[in-house]
Amino acid sequence: GANVINVLSKGGEKTVLSVHTHISNSASFHNFSGRFYKTFIRFFYNRADAIVAVSEGVKQDLVESFGVSKDIIHVIYNPCDAEDIARQAAEPLGGFEFLKSFKVISNAGRLSEPKGQWHLIRIFSEIKKSRNDAKLVIMGDGDYKKYLIGLAQDLGLSIYDHSASQKLSDSYDVYFLGFQKNVFKFIANSSLAVSTSIWEGFSLGILEAMACGVCAISTDCASGPREILAPGTDVKRQATVPEFAEFGILMPILDGKRKTAHDAITDSERQWGLTLDSLLSDSETRNRYATKGKERLGDFSIAETIRRYEQILS
């Protein structure tokens, strides 16, 4: 909507649009209104002077799905303030200090369809069958909160809900912490930072995990994760088995279908569970990726983002 208004209000100035999501993957693109998207976006977006896409995958989606001219699309990755994240990551955990004694899997993001956290909960329930030292920490709020908590309970997992009047202890399996001003201190004290997103635009959360010095694992979804963790590979490629890439681990995409505790575990969920379980016991691999991740952050500095915008605007 804001992009269309930008085009409609265009005078003599330069008009630059910004696209932060893989539009053709969104649910709205596939329902009744979706048929209007192609014509609508092609008509308006091609009248801009420039379009900034947050990943090569988003750029390809605009060109191939919506007929936007590739000549006006520029890719500028979202920046990551690594120094500020590191400062926040060093803050104490307060009442959650006990988490340091466990193997923690962390996930930060809105509790919504694109993030696919129900898959992560089902995967975690499989991991808990073979180890008692694992905890799952989920940070964020959203429309799926009630569903996710109910699913975890139906799977026999004990739940701590930050918004409820519960006594905090180390006896819970899954910790729903809601909105946290500082998610980085929790991520930094995790063994693994995991994204089960069904689709993304860029996946800034992966960069933030890397800035926290934690091994990042993500679905190889469209778009962003592959560009961050496996630069130089074909952005259209999708992992069908765990791919131990240069800067992190790319996992097969999940089917994105809402599930109940009674639904059988899928092959991809089982594969995820085995991989995460193995990594929780493999500190050498986790530490190697934690080091490599920090090396990657230079390509996403604020200074580099500003430089790219200045190139376009001039």
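Predicted model: local features only at pLDDT ≥ 70, side-chain atom pairs only at ≥ 80, totals over all residues.
Three strands make up an open sheet, and they run in the order β1-β2-β3 with parallel pairing. The edges are taken by β1 (16-19) and β3 (73-75); each has just a single partner strand, so one side of each goes without a neighbour in the sheet. On average, neighbouring strands here are turned by 25° against each other, direction ignored. Between β1 and β2 (residues 50-53), the parallel pairing runs over 4 bridges, and Ser18 sits opposite Val52 in β2. Helix α3 (residues 56-66) packs on this sheet and touches β1, β2 and β3. The direction of α3 makes about 165° with that of β3.

Next come the nonpolar cores. The largest one counts 54 residues, and Ile51 and Leu62 have the most contacts inside it. Back at Ile51, leaving aside residues up to four places away in sequence, the residues touched are Leu17, Val19, Tyr45, Leu62, Val68, Ile72, Ile73 and His74.

That leaves helix α10 (residues 267-280). Its 14 residues reach 20 Å from first C-alpha to last, close to the 20 Å expected at 1.5 Å a residue. Buried along α10 are Ser268, Glu269, Trp272, Gly273, Thr275, Leu276, Leu279 and Leu280.

Definitions and conventions. Residues numbered from 1 in each chain as written. Heavy atoms only, no water. Core = buried A, V, L, I, M, F, W, Y, C linked by side-chain atoms within 4.5 Å. Buried < 20%, exposed > 50% of the residue type's maximum accessible area, 1.4 Å probe, protein only. Contact = heavy atoms within 4.5 Å. Helix = DSSP H or I, 4+ residues; strand = E, 2+ residues; numbered from the N terminus. Expected span 1.5 Å × (residues − 1). Pairing = 2+ DSSP bridges. Axes fitted to C-alpha atoms, helices over the stretch in contact; angles between N-to-C directions.
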